[in-house]
Amino acid sequence: MRKGWLLVFVICAVWFVGYGVFAEEPVYLGTAIRSLANPYHAMWAEGAKAFAHSLGWDDYNVILTCEGSSEKQLNDIKALVARSKGNVVFSIDPNQSTDALAIANELEKNQVYFVTWWNKPDEVRVADYKYWVCHITFDNRASGYNTAKILFDAIGGKGKVFALQGLLGNSAAIERWEGFQKALKEYPDIELVGWEAADWEKVKAYNHVSNALIAHPDIKAIWCANDAMAIGAIEALRARGLAGKVPVSGVDAIPEMITAIKNGEAVATVASDAFWQGGMGLSIALAAKQGKIKVEELPENKREWIAKTILITKENVDWYIQNFIEGKPQYDWNNYWERWVRGIREQG
């Protein structure tokens, strides 16, 4: 009789596990980004939401927005650690490069696994930390360089150009600007008549471009370090009947920018897939917490790495729309290294 009950218990246990009754304890999923007013970060938040939903942990998904304040970002992270009693993982876009170290020290102290994106001091090595699973970025210099070349070619390789930088002190902004400068050296007939830091924001970009067009009405093209600023630039051009006549470039592949390329108001952007970032950062951090990724066994080129991007121009914009906007790509949140290109410290 005891054997019969034991068999029933084993069968039921297997059934319960198969249907998730004995599933992993829910973990708070913390996403720390700049602002949901930024279309790129808004899409990032959607990816985080999708990942949480895939686990049935919708109520544990927490989006923290710092609105450009490094102090607020760190305090919000501390507050979620306290609220969750340490039962949390994070995916973080540090507001500025220097913020990554303070965030890392706080989360290491509390034994909280986390992933960072974009911003980190070059001299800081993730491999020196136990709970900092990895830092992921993209080839920002290539993005700045390639979008600049396409922009310059669109005006025949000569003429006056105005530029918009992102948030100064932000790694992505610095590196994209370096790429832009490299392209500028290759086009001696391109004249940079001015630049402003618009802090990734559309309204600031609109104002800077409006003023630049007054000072230099013969501007031929506008390079932007991200798409939100590019859309602000395009709106300023529209107000003067110049949209489509003065080409614009950006980075991030937000829907408005894709439409602008399709309509001939912009010439280039770069897709890093913010939706994928939003889900994958949390997935990698959670896998480390659950022991599915052994952090101490990862090589350095998986602790700090560069992920794939897509350069989008008029030549492939229809393909991008078909495959990434109208038709949503399939996301395997367990394929952690699917978009791995190389380690940050390896030569590209």
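I'll start with helix α10, residues 274–289, which lies across β1, β2, β3, β4, β5 (132–137) and β11 (304–307). Against β3 the helix runs at about 145°. Keep in mind throughout that this is a predicted model.

The strands under that helix belong to an open sheet. Seven strands make it up, in the order β2-β1-β3-β4-β5-β11-β13, and the pairing is mixed. The edges are β2 and β13, the latter being residues 340–343; each has a single partner strand, so one side of each is left without a neighbour in the sheet. Ignoring direction, neighbouring strands here are turned by 25° against each other on average.

Now some of the individual pairings. β1 and β2 run parallel and are joined by five bridges. Within that pair, A32 has L64 in β2 as its bridge partner. β1 is also joined to β3, again parallel, by five bridges. There, Y28 stands opposite V88 in β3. On to β4, residues 114–117: β3 pairs with this strand in the parallel sense over three bridges. I92 is the residue standing opposite T116 in β4.

How many residues of β3 are buried?

Next, helix α3, residues 70–84. At 1.5 Å a residue, its 15 residues should span 21 Å, and the end C-alpha atoms are 22 Å apart, which agrees. Which residues of α3 are buried? They are Q73, L74, D76, I77, L80, V81 and S84. Looking down the axis of α3, the buried residues fall within an arc of 160°, so they line one face of the helix. What covers them includes β1 (28–33), β2 (61–65), β3 (88–92) and α4 (99–109). On the face turned away from the buried side, α3 carries the exposed residues E71, A82 and R83. Just after the helix, K85 takes a positive phi of about 55°.

There is another open sheet to go through. It has four strands in the order β7-β6-β8-β9, with parallel pairing. Its edge strands are β7 (190–197) and β9 (248–249), each of which pairs on one side only. β8, residues 219–224, runs parallel to β9 and is joined to it by two bridges. W223 is the residue that stands opposite S249 in β9.

This sheet also has a helix lying across it. Helix α5, residues 140–154, lies across β6 (159–165), β7, β8 and β9. Its direction relative to β8 is about 165°.

Is Q322 buried or exposed? The residue sits in helix α12, residues 317–326, and at 53% relative accessibility Q322 counts as exposed, the cut-off being over 50%.

Q181 and G291 are 110 residues apart along the chain, and their C-alpha atoms are separated by 44 Å.

To finish, the chain as a whole. Its secondary structure comes to twelve helices and 13 strands. Of its 348 residues, 53% are buried. Among contacts between residues at least 6 apart in sequence, 73% join residues at least 24 apart.

What is the radius of gyration of the chain? It is 23 Å; a compact globule with 348 residues would have a value near 20 Å, and the two agree. Along its principal axes, the C-alpha trace spans about 90 × 40 × 35 Å.

Technical notes:
Residues are numbered from 1 along each chain as its sequence is written. This is a predicted model: local features need pLDDT of at least 70, side-chain atom pairs count only at pLDDT 80 or more; totals for chains, interfaces and linings use all residues. Side-chain values use heavy atoms; hydrogens and water are left out. The expected span of a helix is 1.5 Å times one less than its number of residues. Buried means under 20% relative accessible area, exposed over 50%, partly exposed in between (1.4 Å probe, protein chains only). The arc is that of the directions from the helix axis to the C-beta atoms. Contact means heavy atoms within 4.5 Å. Two strands pair if DSSP finds at least two bridges between them. Axes are lines fitted to C-alpha atoms, for helices over the stretch in contact, and angles run from 0 to 180 degrees between N-to-C directions. The radius of gyration is taken over C-alpha atoms; the globule rule is 2.2 Å times the number of residues to the power 0.38.
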